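Me: I've got a model open and want to go through some of its side chains with you. Can you walk me through it?

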Amino acid sequence: ALAWQPALDLELARQVVDQPQRVPFQIAIGLVPDGWELRGFKMDGAIVSYRDPNGPNASLTVHWKPTPDWHPDSDVDGFEAGQDVTVDGRHARLVRTRETWMLTTTLPDGSGFTLQVPRSFTPDQVIAVAESVRRGDS
């Protein structure tokens with residue numbers, strides 16, 4: 001068995017450096033409801049989620065893709081209704097489901113994203129959040 005060697009622990013501790021590390025987010029969300037917290041991110045920041053700490057099932061998620069995902073409305077789970085809207089002068093599709101709103105649109109560089117928010121948001125609020133989404137380095 002190995003014996004504890006405080007001198008080795010101390011030497012290792014001196015080598016540990018606490019410094020900021022850049023996370024390469026693909027997208028950034030400029031408008032998130034007050035008090036909501038970052039829930040997580042994956043795929044180098046291509047998917048970013050926030051949650052309402054007062055309603056743990058309420059979340060706001062943006063999924064960025066190099067090309068927009070223009071899937072048929074009928075493919076969306078719980079589909080109720082869909083409508084064409086405009087986000088920053090670009091075409092977007094707003095879909096209402098039983099529990100959420102989903103909005104798909106493009107960014108100026110031609111990439112796309114899908115925003116998913118709770119049904120408690122109004123359509124105007126969904127569009128306002130979508131208008132705040134930008135590429136991560138812009």
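Predicted model: local features only at pLDDT ≥ 70, side-chain atom pairs only at ≥ 80, totals over all residues.

Me: OK, so is R93 buried, exposed or partly exposed?

Reply: R93 counts as partly exposed, because its relative accessibility is 22%.

Me: And what does D73 do with R93?

Reply: D73 forms a salt bridge with R93, with the closest N and O atoms 2.4 Å apart. A salt bridge here is a side-chain nitrogen of Lys or Arg within 4 Å of a carboxyl oxygen of Asp or Glu. The pair links distant parts of the chain, since D73 is in the loop between β4 and β5 and R93 is in strand β6, 20 residues apart. Strands are DSSP runs of E with at least two residues, helices are runs of H or I with at least four, and both are numbered from the N terminus.

Me: Is D73 buried or exposed?

Reply: D73 is buried, because its relative accessibility is 14%.

Me: Which side chain meets R93 in a salt bridge at 3.2 Å?

Reply: That's D84, with 3.2 Å from N to O. D84 is exposed, with a relative accessible area of 53%.

Me: How many salt bridges are there?

Reply: The count comes to nine. Another one is between D88 and R134, at 3.3 Å from N to O. It joins distant parts of the chain: D88 is in the loop between β5 and β6, R134 is in strand β9 (residues 133–135), and they are 46 residues apart. D88 counts as partly exposed at 35% relative accessibility, and R134 also does at 38%. As for networks, salt bridges that share partners join D73, D84 and R93 into one.

Me: Changing topic: how many aromatic pairs does the structure hold?

Reply: One. W36 and F121 form it, edge-to-face, at 5.9 Å centre to centre and with 70° between the planes. Rings of Phe, Tyr and Trp (its six-membered ring) pair if their centres lie within 6.5 Å; planes under 30 degrees apart are stacked, over 60 edge-to-face, and the rest tilted.

Me: Where do W36 and F121 lie?

Reply: W36 lies in the loop between β1 and β2 (37–42) and F121 in the loop between β8 and α2, so the pair ties together parts that are 85 residues apart in sequence. W36 counts as buried at 15% relative accessibility, and F121 does too at 9%.

Me: What else is F121 in contact with?

Reply: Leaving aside neighbours within four places in sequence, the contacts of F121 include P33, L60, W101, V126 and V129. Contact means heavy atoms within 4.5 Å.

Me: Last one, T61. Where is it, and what does its side chain do?

Reply: T61 is in strand β4 (residues 55–65). The side chains of T61 and S49 are joined by a polar contact of 2.9 Å. A polar contact is a pair of N or O atoms within 3.5 Å; within protein, one must be able to donate a hydrogen and the other to accept it, and residues adjacent in sequence count only if both atoms are side-chain atoms. T61 counts as buried, at 19% relative accessibility.

How values were computed:
Residues numbered from 1 in each chain as written. Heavy atoms only, no water. Buried < 20%, exposed > 50% of the residue type's maximum accessible area, 1.4 Å probe, protein only.
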